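Please examine the structure shown below together with its sequence. The briefing that follows is arranged by topic.

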Amino acid sequence: MGVGEKDSVDFKVVSNHIEKMLETMKYGSITLVVQDGKVIQLEKNEKVRIR
């Protein structure tokens, strides 16, 4: 891999995970945990609205 290719692959993986999380969420939040400038963890906090 050349310079920057690893970062773009990581970004695609992260964005795919976020997209899948969003497809199943109605209310809530997604938190990205970053270490040394790279996303190392995604946290999904989903709310259920009862009316």
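This is a predicted model: local features need pLDDT of at least 70, side-chain atom pairs count only at pLDDT 80 or more; totals for chains, interfaces and linings use all residues.

**Surface patch and hairpin**

Leu32, Val34 and Val39 make a nonpolar surface patch of about 230 Å².

**The patch and valine 34**

- Valine 34, one of the residues that make the nonpolar patch, lies in strand E1.
- The relative accessibility of valine 34 is 52%; exposed means over 50%, so valine 34 counts as exposed.

**The paired strands**

- Strand E1 covers residues 27-35 and strand E2 covers residues 38-47.
- The two strands E1 and E2 run antiparallel and are joined by nine bridges.
- Threonine 31 has glutamate 43 in E2 as its bridge partner.

**The turn**

- E1 and E2 form a hairpin, with two residues between them.
- Aspartate 36 lies in the loop between E1 and E2.
- Aspartate 36 has a relative accessible area of 74%; because exposed means over 50%, aspartate 36 is exposed.
- The phi of aspartate 36 is near 55°, which is a positive value in a residue other than glycine.
- Most residues other than glycine have a negative phi.

**Aromatic rings**

- Arginine 49 lies over the face of tyrosine 27, at 4.5 Å from the ring centre.
- For rings of Phe, Tyr and Trp, a pair requires centres within 6.5 Å; by this rule, the count of aromatic pairs is zero.

How values were computed
Residues are numbered from 1 along each chain as its sequence is written. Side-chain values use heavy atoms; hydrogens and water are left out. Rings of Phe, Tyr and Trp (its six-membered ring) pair if their centres lie within 6.5 Å; planes under 30 degrees apart count as stacked, over 60 as edge-to-face and the rest as tilted. A charge sits over a ring if NZ of Lys or CZ of Arg is within 6 Å of the ring centre and within 35 degrees of the ring normal. Two strands pair if DSSP finds at least two bridges between them. Helices (H or I, at least four residues) and strands (E, at least two) are DSSP runs, numbered from the N terminus. Patches are made of residues with over 30% relative accessible area and no salt bridge: like charges are joined within 9 Å, nonpolar side chains (Val, Leu, Ile, Met, Phe, Trp, Tyr) within 5 Å. Accessible areas come from the Shrake-Rupley method with a 1.4 Å probe; for residues, only the protein chains shown count as cover. A salt bridge is a side-chain nitrogen of Lys or Arg within 4 Å of a carboxyl oxygen of Asp or Glu. Buried means under 20% relative accessible area, exposed over 50%, partly exposed in between (1.4 Å probe, protein chains only).
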